[in-house]
Amino acid sequence: MARELLTARLLRKECISEVAQCYHFLFSVESLETFPYLPGQFVSAVAPDENGKQQTRAYSIASAPSGNQFELCVNRVENGFFSNHLADLPDLPVGSAIQIHGPHGHFVLQEPVTDSIFVATGTGVAPMRGYSQWLFPADGPDRSNGKEIWLVYGTRYETDMYYHDEFVALAQRVPNFHYLPTLSRAQPQWTGLRGYVQDHVAKIVEDRAARLGQPLPVPPVDPATPPAELRFDIYTYICGLNFMVSSVRERLDGFGWHKKQIVFERYD
Ligand SMILES: Cc1cc2nc3c(=O)[nH]c(=O)nc-3n(C[C@H](O)[C@H](O)[C@H](O)COP(=O)(O)OP(=O)(O)OC[C@H]3O[C@@H](n4cnc5c(N)ncnc54)[C@H](O)[C@@H]3O)c2cc1C
């Protein structure tokens with residue numbers, strides 16, 4: 001079945017890392033008054049390549065729903081068709097349009113909100129920005145119900161850490177939002193966390209279990225429990241390249257976590 005194509009007009013475009021060639025985009029969907037989606041979903045962007053063949057690529061929405069607008073965070077992939085189409089200013093100046101369909105995807109927050117660990121590398125932080133904006137709106141009531149929310153964000157260098165200042169400001173404003181940026185190839189002057197996201201996730205899980213007096217590994221869930229009746233007091237949401245997603249899942253498996261407690265989106 002053909003999907004309905006929507007025209008998304010580019011309202012703003014900003015290079016948020018020169019070194020990593022990462023761009024932040026603000027689009028509006030012209031034909032709609034509101035563009036409804038759940039934080040964490042993605043849009044499919046469509047454009048013809050130089051041979052006239054339609055190419056489609058998924059991009060996570062990097063914002064919480066707001067009118068007919070949505071934001072994207074895209075980094076240029078060497079020799080990649082779509083990321084370069086979006087990143088190249090002469091091809092896509094402010095005021096021009098792209099075709100999209102969506103929203104799509106199941107990488108969304110479980111209801112009701114529980115303690116949650118958001119884990120991202122690179123542009124995998126896009127849906128986490130959407131989650132955070134939705135949970136802790138700057139100009140509306142908090143939706144976190146006081147649950148503890150951790151964002152573990154890993155990159156190699158400080159220069160490929162996107163929206164860092166926003167997350168630092170959010171953590172200062174909101175006591176139950178904990179921002180843990182970590183660098184795998186930090187310069188000597190970096191005073192924050194070092195190493196890989198999975199190690200920091202493991203520490204969060206261990207410290208929390210100790211604080212709550214919960215056993216680790218967690219006792220197994222009765223396999224007869226119907227999926228709709230599964231309830232957990234903590235979930236982890238992971239987004240990025242497959243290698244990282246697998247490493248975090250493996251670590252949580254080791255704690256006896258149920259597979260439904262681990263929600264993930266792979267970019268490759
Ligand atoms: C659900 C979902 C959400 C996504 N959200 C985002 C997002 O928010 N921001 C974002 O920047 N990307 C995101 N991606 C990745 C995006 O869809 C494209 O794969 C990426 O932009 C590369 O497309 P391209 O046309 O430039 O490269 P292509 O022409 O498809 O590929 C060129 C070369 O780059 C390699 N390559 C492809 N993708 C990647 C990648 N992600 N990293 C490194 N090398 C790659 C390919 O193996 C190939 O060798 C998402 C992917 C999925 C599945």
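**Core, domains and ligand shell**

Modeller: This is a predicted model. Its largest nonpolar core has 60 residues, and those with the most contacts inside it are Val74, Phe118, Val119, Leu151, Val152 and Val248.

Biologist: What makes Val74 and Leu151 members of a nonpolar core?

Modeller: A core is a set of buried residues of types such as Val, Leu and Phe, joined through C-beta atoms within 7 Å. Val74 and Leu151 are in that set. Helix H2 (residues 125-135) gives the largest share of this core, 6 residues.

Biologist: Why is this core said to lie between domain 1 and domain 2?

Modeller: Domain 1 (6-104) and domain 2 (115-266) both give residues to this core, so it lies between them.

Biologist: What does Leu151 touch, leaving out residues up to four places away in sequence?

Modeller: Phe118, Met128, Ser132, Phe167, Tyr179 and Leu180. Contact here requires C-beta atoms within 7 Å.

Biologist: How do you know that domain 1 and domain 2 are in contact?

Modeller: By that cut-off, 15 residues of domain 1 are in contact with 15 residues of domain 2. On the domain 1 side, strand E1 (6-17) and E5 each give two or more residues. E5 gives the largest share, 3 residues. That side divides into 10 nonpolar, 5 polar and no charged.

Biologist: Which residues come nearest the ligand?

Modeller: Ala58, Gly80, Phe82, Ser83 and Thr123, of the 20 residues around the ligand. Strand E4 (54-60), strand E5 (69-75) and helix H1 (81-87) each give two or more residues to this shell. The shell divides into 10 nonpolar, 7 polar and 3 charged.

Biologist: What makes the shell a matter for both domains?

Modeller: The shell draws at least three residues from each of domain 1 and domain 2.

Technical notes: Residues numbered from 1 in each chain as written. Predicted model: local features only at pLDDT ≥ 70, side-chain atom pairs only at ≥ 80, totals over all residues. Near = placed C-beta within 6 Å. Helix = DSSP H or I, 4+ residues; strand = E, 2+ residues; numbered from the N terminus. Nonpolar A, V, L, I, M, F, W, Y, C, P; charged D, E, K, R; others polar. Domains from an automatic or database assignment. Buried ≥ 20, exposed ≤ 12 C-beta atoms within 10 Å, placed from the backbone. Contact = placed C-beta atoms within 7 Å.
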